[in-house]
Each structure stands twice: as C-alpha cells, then as structure tokens.
Amino acid sequence: RNGIPVIAHINKNNELSKFINKNKIGLCSELYSYNEFNKNLVIMSKKKENMFFKKNCVSIFKHYFSIEKAFKTLNFKIE
C-alpha cells in the first residue's frame, strides 16, 4: 500500500517468490545465496529501479489487497 518494494531471501520455488517476480514488486534471492541477496540490495538502492518497484507495489496492492477487493470477495462468498 505504501509502495515499499520487497526484498525476499526465500526459496525461489515457492508461491511468494513467483508472485513477487510475476508482478515486479521486488527481488528474490535463494535462501542461502548471500551474494545474490547483497546484489539485490545494491539494485534496490538505485533510485530508478526503486521507483519502478514502488509504482508496481501500489498498483498490485490496489488490485489484490484493497478493502474494495476484500469486500467483493467476502460479499460473493456470503451470497
């Protein structure tokens, strides 16, 4: 919601890493790959890349996690 990009240090084959990569809201690194994690930190510290991810974070939040989206989902399940 606040446009804060994700830096995830997780197993790349899980659903969360797929969601992050597909929606371009941050960067993921393998759980034990500290070099890759450090590289992602450097990339994220660059203003141009950070602004790209921030913009995507806001739009993805509105699409998947907004109050309106939750209401529609709950309302559908109640009816």
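Colleague: What pattern does the protein follow along the sequence?

Modeller: Keep in mind that this is a predicted model. Along the sequence, the pattern reads β-α-β-α-α-α. The protein has 4 helices and 2 strands.

Colleague: And the overall dimensions? What box do the C-alpha atoms fill?

Modeller: Roughly 50 × 25 × 15 Å, along the principal axes.

Colleague: How does the radius of gyration sit against a compact globule of 79 residues?

Modeller: The protein has 15 Å. A compact globule of that length would be near 12 Å.

Colleague: Now the inside. What share of the residues is buried?

Modeller: Buried residues make up 24% of the 79.

Colleague: Which residues form the largest nonpolar core?

Modeller: There are 7 of them. Ala8, Ile10, Ile20 and Ile25 belong to it, along with Cys28, Cys57 and Ile60. As a general point, nonpolar side chains in soluble globular proteins tend to be buried together.

Colleague: Take Ile60. What is it in contact with, leaving aside neighbours within four places in sequence?

Modeller: Ile60 is in contact with Phe19, Asn23, Ile25 and Phe65. Ile25 is also a member of that largest core.

Colleague: Across the protein, how many contacts join residues at least 24 apart?

Modeller: 44% of the contacts between residues at least 6 apart in sequence.

Colleague: Last one, charges. How many positive and negative?

Modeller: 15 positive and 6 negative. Their mean positions are 7 Å apart.

Note on methods. Residues are numbered from 1 along each chain as its sequence is written. This is a predicted model: local features need pLDDT of at least 70, side-chain atom pairs count only at pLDDT 80 or more; totals for chains, interfaces and linings use all residues. Side-chain values use heavy atoms; hydrogens and water are left out. The radius of gyration is taken over C-alpha atoms; the globule rule is 2.2 Å times the number of residues to the power 0.38. Buried means under 20% relative accessible area, exposed over 50%, partly exposed in between (1.4 Å probe, protein chains only). Contact means heavy atoms within 4.5 Å. Lys and Arg count as positive and Asp and Glu as negative; His and the chain ends are not counted. The place of a charge is taken as NZ of Lys, CZ of Arg, CG of Asp or CD of Glu. A nonpolar core is a set of buried Ala, Val, Leu, Ile, Met, Phe, Trp, Tyr and Cys residues joined through side-chain atoms within 4.5 Å.
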